Amino acid sequence: KGTGCALSMNLHPAHDDVDGSIMMKVANQSSVGDSRGPRPTYARFDWEKAICVKLDFNDLCQVLMVFRGVCESVGEGRGLYHRSPKAATRIVLRHLVEPVPGYSLELYRTPVGGTGESRAHILLTAAEAYGLCEAIAGSMPVICFGIPMVIARDTSAYQESVREAR
């Protein structure tokens, strides 16, 4: 119908004095595809005008709480608000039962000065939400602590004991 959206998420591990996060982009559908016939075409999404938002540790914890059934929506139903020098963004994630079970993710971006609002809305199936939940949960250690450094241990004492055992 041309009313869909696509979702992209990129992991940014913590490092030095930079907090970890996941950058989320949601792009509205720009064309309808047709998979019938010998030369199928596929739907296209307007990534040039995608709404991009940085989800930090607290935001991601609230998303996980919704996906895991701890609460029905982020921000106690009000959503999450992000302000930047260029725009204000509201992120709404809520569990749905009717008309079909799933999760509704909505983004609303208003530029500073209030000249028009951009919107994006995607309905996630329970399976998609489960997969995202697992991916986000699996990313939390590097979001919190960064990529672990491997500390080389001194193996010379071990090698010496092996030589002595021979």
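Reader: Which residues does F67 touch, not counting residues up to four places away in sequence?

Author: This is a predicted model, in which local features need pLDDT of at least 70 and side-chain atom pairs count only at pLDDT 80 or more, while totals for chains, interfaces and linings use all residues. Residues are numbered from 1 along each chain as its sequence is written, and side-chain values use heavy atoms, with hydrogens and water left out. With contact taken as heavy atoms within 4.5 Å, F67 touches L93, Y103, L124, A129, L132 and C133, residues up to four places away in sequence not being counted. The C-alpha atoms of F67 and C133 are separated by 6.2 Å, although these residues are 66 residues apart along the chain.

Reader: What makes F67 and Y103 an aromatic pair, and why is the pair called edge-to-face?

Author: Rings of Phe, Tyr and Trp (its six-membered ring) pair if their centres lie within 6.5 Å, and planes under 30 degrees apart count as stacked, over 60 as edge-to-face and the rest as tilted. The count by this rule comes to one aromatic pair. F67 and Y103 lie 5.3 Å centre to centre with 85° between the planes, so the pair is edge-to-face. Since F67 lies in helix 1 and Y103 in strand 7, the pair ties together parts that are 36 residues apart in sequence; helices (H or I, at least four residues) and strands (E, at least two) are DSSP runs, numbered from the N terminus.

Reader: How do you know whether F67 and Y103 are buried or exposed?

Author: Buried means under 20% relative accessible area, exposed over 50%, and partly exposed in between (1.4 Å probe, protein chains only). F67 has a relative accessible area of 12% and is therefore buried, and Y103, at 10% relative accessibility, counts as buried too.

Reader: What is the order of the strands in the open sheet, and what makes two strands a pair?

Author: Two strands pair if DSSP finds at least two bridges between them. The open sheet has four strands in the order 5-6-7-8, with antiparallel pairing. Its edge strands are strand 5 (80-83) and strand 8, each of which pairs on one side only. Strand 6 (residues 87-96) is joined to strand 7 by 10 bridges, and strand 7 pairs with strand 8 over seven bridges, so both pairings meet the rule. Y108 in strand 7 stands opposite R90, and its bridge partner in strand 8 is R119. Strand 7 and strand 8 form a hairpin with six residues between them, and G113 in the turn has a positive phi of about 100°.

Reader: How does helix 1 lie relative to the strands, and how is its angle defined?

Author: Axes are lines fitted to C-alpha atoms, for helices over the stretch in contact, and angles run from 0 to 180 degrees between N-to-C directions. Helix 1 lies across strand 5, strand 6, strand 7 and strand 8, running at about 20° to strand 6. Helix 2, in turn, lies across strand 7 and strand 8, running at about 100° to strand 8.

Reader: How do you know that the reach of helix 2 is close to what is expected?

Author: The expected span of a helix is 1.5 Å times one less than its number of residues. Helix 2 (residues 126-145) has 20 residues and reaches 29 Å from its first C-alpha to its last, close to the expected 28 Å.

Reader: Where does helix 2 bend, and what is meant by a bend?

Author: The bend at a residue is the angle between axes fitted to the seven residues ending there and the seven starting there. For helix 2 this angle is about 40° at S139, and a proline, P141, follows within four residues. S139 is buried, because its relative accessible area is 12%, and it touches L11 and I22, not counting residues up to four places away in sequence.

Reader: Why is D16 called exposed?

Author: D16 has a relative accessible area of 79%, and therefore it is exposed. D16 is found in the loop between strand 1 and strand 2, and its phi is near 45°, a positive value in a residue other than glycine.
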